[in-house]
Amino acid sequence: MTEPRSARSRRRPVKTTGTLPPEGSAAALGRDHALPVRQWPITLVLLVVGAGLAVTWFADFKDGFKYGLLILGCGVLLGAVLRLVLPEVGMLAVRSRFTDVIVLSFLGVSIVLLTLVAQPNPWVQIPLLDNIGQLMGRPRH
C-alpha cells in the first residue's frame, strides 16, 4: 500500500501497489495438467517457430532457407490467430489482445513477405523493388 497523503500534497506515491495482468493471461488448461500442456498455445507457437528455425539451419536443398522462414512466419501468424480466437492463452498474452494481435500479425506478414521476395530467385517479383534497387546501383535482372 502507499503512504497516506494529505489533501494538499501532489507528490506521487513512493511505491505502487501492482499492475494487472493482461486480459486472457490465465492458463489455457487447469492446474491438474503439466505446465507445457497448461500453456499449450505458446508451446505450439514455439514448436512451429523452432521447426522453422531447424529447417532454415539444416536445409541442404536449393531455397531451403526460404521454406524454413515461411514456417517461422506462419508460426508467428499462428500466434496471432490463437491470441485473437482463444479467450485464455496463458503466456502468449503480453499486452492487450488488440496490441498482441496487431504486433504478431505485422511481424508474421513481414517475415512471410520478405521471404517471398528474398534473393536469389525470388518467388514473387515486385517491380517497385527493382526500381529501388536501380536507385542503389544494382543492375536490373
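Tutor: In this predicted model, T115 has a relative accessibility of 3% and is therefore buried, since buried means under 20% relative accessible area. T115 belongs to helix α4, which covers residues 97–116, and its side chain reaches the backbone oxygen of I111 at 2.7 Å. Leaving aside residues up to four places away in sequence, T115 touches K66, L69 and L70.

Turning to the aromatic rings, the structure contains two aromatic pairs. In the pair made by F61 and Y67, the ring centres lie 5.8 Å apart and the planes stand at 50 degrees, so this pair is tilted; an angle under 30 degrees would count as stacked and one over 60 as edge-to-face. F61 is partly exposed, with a relative accessible area of 47%, and Y67 also counts as partly exposed, at 41% relative accessibility. Y67 forms a tilted aromatic pair with W123 as well, with 5.2 Å from centre to centre and 55 degrees between the planes. This pair links distant parts of the chain, because Y67 lies in helix α3 (residues 64–85) whereas W123 lies in the loop between α4 and α5 (127–135), 56 residues apart. W123, at 32% relative accessibility, counts as partly exposed. Taken together, the ring pairs join F61, Y67 and W123 into a cluster.

Technical notes. Residues are numbered from 1 along each chain as its sequence is written. This is a predicted model: local features need pLDDT of at least 70, side-chain atom pairs count only at pLDDT 80 or more; totals for chains, interfaces and linings use all residues. Side-chain values use heavy atoms; hydrogens and water are left out. Helices (H or I, at least four residues) and strands (E, at least two) are DSSP runs, numbered from the N terminus. Buried means under 20% relative accessible area, exposed over 50%, partly exposed in between (1.4 Å probe, protein chains only). A polar contact is a pair of N or O atoms within 3.5 Å; within protein, one must be able to donate a hydrogen and the other to accept it, and residues adjacent in sequence count only if both atoms are side-chain atoms. Contact means heavy atoms within 4.5 Å. Rings of Phe, Tyr and Trp (its six-membered ring) pair if their centres lie within 6.5 Å; planes under 30 degrees apart count as stacked, over 60 as edge-to-face and the rest as tilted.
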